[in-house]
Amino acid sequence: MSRNFQAKPIVGERPTGAEIRDLVAPAVRGVAVQAPQEARREEVPDEGRARRPKAVPTMQINFRVSAEFARLIATEAEKAGGMRRWFAGLVQQAGHEVPEIDINPPTSRREW
Amino acid sequence: MGVIAAIGSSKGGAGKTSLCQVLAPNLLARGWRVAVVDADQNGTFSAWFRDAYEGSGFQCVHEPHEVRAVDEAQRLLAESDIVLVDTAGFKNLTASTAMAAADVVLIPTMSDRGSVIEAIATYQQVQGLARASRRSIPAYAVCTRWRGRGLAEKAALEGLRSNGVPVLASVLSDLADLPKLTHSGRVPTTGKAAREADQLADEMVQLGHFPPEPDRSGDSDEEEASTPISASVPRAGGRKKAAA
């Protein structure tokens, strides 16, 4: 056993996470919180920007699948003209109202 | 009694997760009971541990919340000698509470100027946390991606020392093994990377921040006696025995 083991700066029971957070609160004022918080959206006055058409808000989705299933998806999506179009068609067939932008998404392909 | 060692730096890419990846399995190979709390929102360590790591023998918990990360570290401490807390690479509340709860803080730093500046800032942050929690929190810079005698390395050491940051003599060299293990999940427990992890552990023991290396020879003998030969695998303390 090493004789100089001295890492016992915390005497007695260790403080809990909440106690430590309260203890160091003055030292961490303004420090970013890492865990996800409720999204807050600030409203910005839209004056002077009215002429510019607003883009439909979109978001990136992703998921993990087996290689075999990925190949099936790729084959079917190719037939439908894209994965988004294919999914939109499937969801529409299931009886849901799918936004037009997802059924016929604008192409971003450069054609010149 | 176990220790919590937080690995923190306000700079991303300084080598926090790499240090954790090479240190945890090598501490385990030396016989310490190890656990890791991945307090980084990105969960790089825990994803690697879950999807790639090929070894076994230690627990890893992904908890980016500032309170729960500390509670998890303390819970794991009940059954571990060393709990490593890998934090995110920016100044954030979880890293702050983890460092405030730690017995020792390791601050990985590379030799570039940005890394050195952030290492100094992190060291000063630890001092602030120590004052706020009314106790001493020892913190050390750990040189990562180090190239021995380079001019940048010399300048980095001067910068750190002139700002009062204690620097460990042990370094993690710029080895191909380190990025490779993130893909293969095979952490070298022999060779230069393992030797450097050993040196770091030894230095921490000498400084009194890690508990002394446990002598588990009795345990392994008992286990060997009760374990069929076909099922026995190299485990705690095995490397030292093999070397002897």
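How many residues does the contact take from chain B, and how many from chain A? The contact takes 36 residues from chain B and 25 from chain A, where two residues are in contact if their C-beta atoms, placed from the backbone, lie within 7 Å. Welcome to this predicted model, in which local features need pLDDT of at least 70 and side-chain atom pairs count only at pLDDT 80 or more, while totals for chains, interfaces and linings use all residues. Residues are numbered from 1 along each chain as its sequence is written, and chains are lettered from A and ligands numbered from 1 in the order in which they are written.

**The two chains**

- Chain B has 10 helices and seven strands; helices (H or I, at least four residues) and strands (E, at least two) are DSSP runs, numbered from the N terminus.
- Chain A, by comparison, has four helices and zero strands, and its pattern along the sequence reads α-α-α-α.
- Of the 244 residues of chain B, 50% count as buried, and of the 112 residues of chain A, 7% do. A residue is buried if 20 or more other C-beta atoms lie within 10 Å of its own, exposed if 12 or fewer, and partly exposed in between, with C-beta atoms placed from the backbone.
- Among contacts in chain B between residues at least 6 apart in sequence, 76% join residues at least 24 apart.

**Confidence**

- For the complex, the predictor gives an ipTM of 0.78 and a pTM of 0.69.
- Chain B has a mean pLDDT of 86, and 88% of its residues reach 70 or more; pLDDT is the predictor's confidence in each residue, from 0 to 100.
- Over residues 220-244 of chain B, pLDDT stays under 50, and the model has 16 contacts beyond four places in sequence for them.

**Where the chains touch**

- On the side of chain B that touches chain A, the elements giving two or more residues are α3 (66-77), α4 and α5 of chain B.
- Of these, α3(B) gives the most, with seven residues.
- That side of chain B divides into 18 nonpolar, 12 polar and six charged residues. Here Ala, Val, Leu, Ile, Met, Phe, Trp, Tyr, Cys and Pro count as nonpolar, Asp, Glu, Lys and Arg as charged, and the others, Gly among them, as polar.
- From the other chain, Leu23(A) lies in helix α1 of chain A.
- Leu23(A) counts as partly exposed because it has 18 C-beta neighbours inside 10 Å.
- Not counting residues up to four places away in sequence, Leu23(A) touches Pro15(A), Ala100(B), Ala132(B) and Ser133(B).

**Strand β6 and its partners in chain B**

- Strand β6 (residues 139-146) of chain B is mostly covered, with eight of its eight residues buried.
- Strand β5 (residues 104-109) of chain B runs parallel to β6(B), and five bridges join them; two strands pair if DSSP finds at least two bridges between them.
- Thr109(B) stands opposite Cys143(B) in β6(B).
- Strand β7 (residues 167-173) of chain B also pairs with β6(B) in the parallel sense, over three bridges.
- Ala141(B) has Val167(B) in β7(B) as its bridge partner, and Trp146(B) has Ser173(B).
- The chain crosses from β6(B) to β7(B) through helix α6 (residues 151-162) of chain B, in a right-handed β-α-β crossover. A crossover is right-handed if, with the strands pointing away from the viewer, the path from the first strand over the helix to the second runs clockwise.
- β5(B), helix α5 (residues 113-132) of chain B and β6(B) also make a right-handed β-α-β unit.

- α5(B) has 20 residues and reaches 29 Å from its first C-alpha to its last, close to the 28 Å expected at 1.5 Å a residue; the expected span is 1.5 Å times one less than the number of residues.
- Buried residues of α5(B) include Val116(B), Ala119(B), Ile120(B), Tyr123(B) and Val126(B).
- The buried residues of α5(B) pack against α1 (17-24) of chain A together with α4, β5, β6 and α6 of chain B.
- After α5(B) comes Arg134(B), whose phi is positive, near 55 degrees.
- Ala98(B) has its place in helix α4 (residues 93-101) of chain B.
- Ala98(B) counts as buried because 31 other C-beta atoms lie within 10 Å.
- Leaving aside neighbours within four places in sequence, the contacts of Ala98(B) include Ala6(B), Gly8(B), Ala69(B) and Val85(B).
- Ala98(B) and Ala69(B) are 29 residues apart along the chain, and their C-alpha atoms are separated by 7.1 Å.
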